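Subject: Structure handover

Hello,

Here is the structure for your files. Please open it first, then read the notes below.

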Amino acid sequence: MRHFDEIFAMAATRHGGRDALNDKLSKPKSLAELAEMPEDRWLSIITKTIFQAGYNWKVIENKWDGFEIAFDGFDVGRCAFMDDEKFDALLQDTRIVRSGTKIATVRDNAAFLLELRDEGGAGQVLGGWPSEDFAGLLAMLGKRGSRLGGASAQYAMRFAGRDSFILSQDVTARLIAEGVIDKSPTSKKAMAAVQAAFNTWMDQSGRSLTEISGVLAMSL
């Protein structure tokens with residue numbers, strides 16, 4: 001596995017030099033910002049990510065104001081206790097994408113966020129989870145959340161602004177090239193190997209998961 005400096009140099013060569021590459025890298029929000037993020041924004045981001053899966057993202061983006069209205073601003077209490085009448089009305093609501101299975105995730109994930117109140121709140125749990133165990137956060141989201149397995153949880157956390165890696169095609173290809181994994185990681189063992197590699201690169205560079213993930217993607 002190459003030292004992070006070598007991978008960074010490879011990416012910089014492809015993207016106009018070190019300064020240009022640094023300008024392209026996004027950075028995560030601070031722990032304080034994430035801790036203060038309201039529950040409704042977590043639910044909104046999670047829901048948007050779930051609806052984007054399998055759909056043209058632009059379609060979801062163009063309808064998003066309608067989603068916000070239809071789901072009562074993603075008020076966690078109201079969404080968690082959505083009754084059948086409200087659910088049936090949403091199935092007919094042209095302001096949103098009328099997928100019954102995805103609409104149901106709003107109720108389920110709102111209930112999940114309510115559970116997190118007893119653990120410190122969504123901002124503390126999701127935002128404050130150690131970056132050194134991001135794979136553990138993904139596993140928890142896959143187990144306790146609704147339709148938050150695989151890439152959906154990764155993108156949701158990135159869109160929320162928390163420190164994260166996204167195992168895109170390019171990032172996965174770089175991990176394979178570095179001998180970290182031999183195919184797209186799906187097992188607990190493979191995800192542990194991915195996390196260990198990112199932890200090593202964090203130690204070597206002092207950079208966040210978000211930045212390292214971007215560098216890996218741009219190194220090809």
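The largest nonpolar core has 68 residues, and Phe-71, Leu-126 and Leu-175 have the most contacts inside it. A nonpolar core is a set of buried Ala, Val, Leu, Ile, Met, Phe, Trp, Tyr and Cys residues joined through side-chain atoms within 4.5 Å. Buried means under 20% relative accessible area, exposed means over 50%, and partly exposed lies in between (1.4 Å probe, protein chains only).

This is a predicted model: local features need pLDDT of at least 70, side-chain atom pairs count only at pLDDT 80 or more, and totals for chains, interfaces and linings use all residues. Residues are numbered from 1 along each chain as its sequence is written, and side-chain values use heavy atoms, with hydrogens and water left out.

Leaving aside neighbours within four places in sequence, Leu-175 is in contact (heavy atoms within 4.5 Å) with Leu-167, Val-180, Ile-181, Val-194, Phe-198, Trp-201 and Leu-216.

Next, the aromatic rings. Rings of Phe, Tyr and Trp (its six-membered ring) pair if their centres lie within 6.5 Å; planes under 30 degrees apart count as stacked, over 60 as edge-to-face and the rest as tilted. By this rule there are twelve aromatic pairs. One of them is Trp-57 with Phe-159, edge-to-face, at 5.8 Å centre to centre and 85 degrees between the planes. Trp-57 is in helix α5 (residues 57-70) and Phe-159 in helix α11 (residues 151-160), 102 residues apart. Trp-57 is partly exposed at 42% relative accessible area, and Phe-159 is partly exposed at 38%.

Separately, Phe-51, Trp-64, Phe-67, Phe-71 and Phe-74 form one aromatic cluster.

Regards

Key. Helices (H or I, at least four residues) and strands (E, at least two) are DSSP runs, numbered from the N terminus.
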